[in-house]
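Please read it alongside the sequence and coordinates shown here.

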Amino acid sequence: MEAPAVRATSSDAGPLALLPLPNVRRLSGLQTEGAVCVWCGASLVPHTARDLGARPGPDGVTIFPRGCAGCVRATASDVYRIHVAACSTCLRNQPCTDRQALCRLASEGAP
Ligand SMILES: [Zn+2]
Ligand SMILES: [Zn+2]
């Protein structure tokens, strides 16, 4: 199977790789290819789309989802809230790198 022509820049996907996806079995082909937002299905334009990194998809295939700026912010702030309540490092008041990355994503303006 050919890899979709989507950039998978690991440096950019770092913190974005922390964001959970919807159930991958329910995603459309456009969503798994990163042609539309994996969360809301909005069509993406190159300068607002965020690569979410290579992810394990259904049936052992790798998918390359992307998200729109609004969904990335909303999802990052959800994950941030869950993280700070559950991360043993953050609970000791030592913000970990994941927390800092999530905080950046959650507060990011439109790129
Ligand atoms: Zn979206
Ligand atoms: Zn933490």
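Leaving aside neighbours within four places in sequence, T32 is in contact with L27, G57, I63 and P65, two residues being in contact if their C-beta atoms, placed from the backbone, lie within 7 Å. T32 is found in helix α2; helices (H or I, at least four residues) and strands (E, at least two) are DSSP runs, numbered from the N terminus. The C-alpha atoms of T32 and R66 are 8.1 Å apart in space, although 34 residues separate the pair in sequence. T32 counts as buried because it has 22 C-beta neighbours inside 10 Å. Here a residue is buried if 20 or more other C-beta atoms lie within 10 Å of its own, exposed if 12 or fewer, and partly exposed in between, with C-beta atoms placed from the backbone.

The model is predicted: local features need pLDDT of at least 70, side-chain atom pairs count only at pLDDT 80 or more, and totals for chains, interfaces and linings use all residues. Residues are numbered from 1 along each chain as its sequence is written, while chains are lettered from A and ligands numbered from 1 in the order in which they are written.

Two further residues of helix α2 can be described in like manner. Q31 lies in helix α2 and, with 22 C-beta neighbours inside 10 Å, counts as buried. Not counting residues up to four places away in sequence, Q31 touches V36, V38, G41 and P65. G29 also belongs to helix α2, which comprises residues 29-33; with 10 C-beta neighbours inside 10 Å, G29 counts as exposed.

| Pair | Separation in sequence | C-alpha to C-alpha distance |
|---|---|---|
| G29 and P65 | 36 residues | 10.0 Å |
| Q31 and S43 | twelve residues | 9.4 Å |
| T32 and R66 | 34 residues | 8.1 Å |

Attention now turns to helix α3. Its 18 residues should span 26 Å at 1.5 Å a residue, and the end C-alpha atoms are 25 Å apart, which agrees; the expected span is 1.5 Å times one less than the number of residues. V72, T75, A76 and Y80 are the buried residues of α3. They cover an arc of only 150° around the axis and therefore lie on the same side of α3, the arc being that of the directions from the helix axis to the C-beta atoms. An α-helix has 3.6 residues a turn, so residues three or four places apart point the same way. On the face of α3 turned away from its buried side are the exposed residues R81, I82 and A85.

Which helix does α3 cross at roughly 145°? The axes of α3 (residues 69-86) and α5 (residues 97-107) come within 8 Å and cross at that angle. Axes are lines fitted to C-alpha atoms, for helices over the stretch in contact, and angles run from 0 to 180 degrees between N-to-C directions. The crossing is left-handed, a term applied if the near helix is turned anticlockwise from the far one by less than a right angle. Helix α3 contributes V72, R73, A76, S77, V79, Y80, H83 and V84 to the contact, and α5 contributes D98, R99, L102, C103, L105 and A106. By class, this contact has nine nonpolar, two polar and three charged residues. Ala, Val, Leu, Ile, Met, Phe, Trp, Tyr, Cys and Pro count as nonpolar, Asp, Glu, Lys and Arg as charged, and the others, Gly among them, as polar.

Two loop residues have positive phi. In D59, a residue other than glycine, phi is near 60°. D59 is found in the loop between β2 (55-56) and β3 (62-63) and counts as exposed because it has 7 C-beta neighbours inside 10 Å. N93 is likewise not a glycine, yet has a positive phi of about 65°. N93 lies in the loop between α4 (88-91) and α5; with 6 C-beta neighbours inside 10 Å, N93 counts as exposed.

As a whole, the protein chain contains five helices and four strands, which run α-α-β-β-β-β-α-α-α from the N terminus on. Of its 111 residues, 24% count as buried. Among contacts between residues at least 6 apart in sequence, 64% join residues at least 24 apart.
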